[in-house]
Amino acid sequence: MGELEVRGVSKRLGGHQAVDDVSFTVATGELFVILGTSGSGKSTLLRLICGLERPDAGQILLDGREIHTLPPRQRNLGMVFQDYGLYPAMDVRGNIAYGLESRGGLPKDEIQRRVVEAAGKLGLGEMLGRSTQDLSGGEQQRVALARAMVKDADAYLFDEPLSNLDPKLRHHARRDIVAVHREKKRPSVYVTHDQSEAFAMADLVAVMSHGRVQQVSTPDELLSAPANTFVARFVGSPPMNLVPAALDGGVARASGVEVPIERVARSGSGRVIVGFRPESMRPAHTASAALSGTVVDVEEGFVEQIVRFTTGDGTEVTAVLEDDLPIGPGDPVAFDVDGHVHLFDPVTEQAIPRA
Ligand SMILES: Nc1ncnc2c1ncn2[C@@H]1O[C@H](COP(=O)(O)OP(=O)(O)OP(=O)(O)O)[C@@H](O)[C@H]1O
C-alpha cells in the first residue's frame, strides 16, 4: 500500500518525445531520484505526476488508484519546485498555511499548530511574520519545504529544489529534505541533474536520457553495474573509460590495449567495448602493460593526479592515481587495470551479462 506507480507513460511536446514509455514504482517511504541531463524529460515526468500535463499514453497510480485523469488539486501531492512558488503578498506564516487553508476542512487552530511545528523544525520559528521577499534563497527554500511538510500528502515531489542555493546551504538543505521525507514515510520523487545530490539522498535512482529511463538501481549498483554505455559515461567523476576492442581468447585487444577479461563475452561480432574505472588503473612496466599510450595532459588534484592519455588508435583514457608520476604531455605511459572490467556490446551499447 501507499506506492506510486508510473506505467508506460509517454508525452510529446512541440513535436518532441519528451517522455517515452517510462515505467517505475516508488515504494512507500522510498526516496526515488530521477537523474538526467538537461532536456532528458525529468521535469515533464514530474509535471505528469502532479497533473500539470496529461500523458498521451500510460497510467499513473497512487495507492493503487488512477490519478492521471484527476485535476492537480485532487491528487493530494506535496510539491517543492525550483522557483519555490511563494506568494510575495503573504508573510511566511501565510505561505506555509496556504495549501491547508485553500483545501479547507481543517480547523484554524490545527492549521496554526502545524505551521508553528513545521516552521520550528526548519528553523523558521522566528520568521513567521516576515515577508518572503526579504528572505535569503535558503530561507525561501525552507518556507517552500515547510509548506509541503504541513500537508498530509500521499506523495511528495521535488523538482531541483536546491539549484538556487550555494554549495554550503545545499548540503544543509539536502538533510532537511531527507528528514522531511523520513518523517512523512510516503513515496518521494526527487528530480536533479546533480549526481552527487542523487547519490547522497537516493534509495533508488532512475537515470534518464532522451525521455527514456536507462536504468533504475541503487547508487552503488549504478557505479558497479551500469546497464549500458550511456550510464557508464554519465555516472562517476571522471567517468568510466570505454575502449573499443576485439575479443581474442581471454584478452580484449586494440592498438596499445591488451586487457585480460574475467569471462568469455557473448558478443557475436567478436568486438566489445571494454569499460574500467579511472581509479582502478595502476602504473605498469611497458612490456607487459594492459594499456599504453601518450600523455595528453596531467591535472594535479587535491589528493590525486589525473592523467589523460591516448592509446595507439587514438582512444582517450583517463587514470586517477594516488601517487604522482613525474610525467607531462607527450610522454609515453603504461598502466594495468586493477579492478573489475566491464564489457558492453558495441552495437546495442548494452552491458554484456556475466557468463
Ligand atoms: N512546453 C514545451 N513545448 C515544447 N517542448 C517542450 C516543452 N517543455 C519541454 N519541452 C521539451 O521536452 C524535453 C524535455 O524537457 P524537460 O523540461 O522535461 O527536461 P529536463 O530533463 O527537466 O531538463 P532541465 O534539467 O533542463 O530542466 C526537452 O527537449 C524540452 O525542450
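Predicted model: local features only at pLDDT ≥ 70, side-chain atom pairs only at ≥ 80, totals over all residues.
Let's start with the ligand. It is surrounded by 13 residues, and the closest are G14, A18, S38, S43 and T44. Where does this shell come from in the fold? Both β2, residues 16–26, and α1, residues 42–50, supply at least two residues each. The biggest giver is α1, with three residues.

Six strands make up an open sheet with mixed pairing, and the order is β6-β7-β8-β3-β9-β10. At the edges stand β6 (77–81) and β10 (212–217), and each has a single partner strand, so one side of each is left without a neighbour in the sheet. On average, neighbouring strands are turned by 15° against each other, ignoring direction. Looking at the β10 end, β9, residues 204–209, runs antiparallel to β10 and is joined to it by five bridges. As one example, M208 has V213 in β10 as its bridge partner.

Helix α2 (residues 92–103) packs with helix α4 (residues 137–149) at an angle of about 35°, with the axes 7 Å apart. Their crossing is right-handed. Which residues meet there? From α2 we have V92, N95, I96, Y98 and G99, and from α4 V143, A146 and R147. By class, this contact has five nonpolar, two polar and one charged residues.

Technical notes
Residues numbered from 1 in each chain as written. Near = placed C-beta within 6 Å. Helix = DSSP H or I, 4+ residues; strand = E, 2+ residues; numbered from the N terminus. Axes fitted to C-alpha atoms, helices over the stretch in contact; angles between N-to-C directions. Left-handed = near helix turned anticlockwise from the far one by under 90°. Contact = placed C-beta atoms within 7 Å. Nonpolar A, V, L, I, M, F, W, Y, C, P; charged D, E, K, R; others polar. Pairing = 2+ DSSP bridges.
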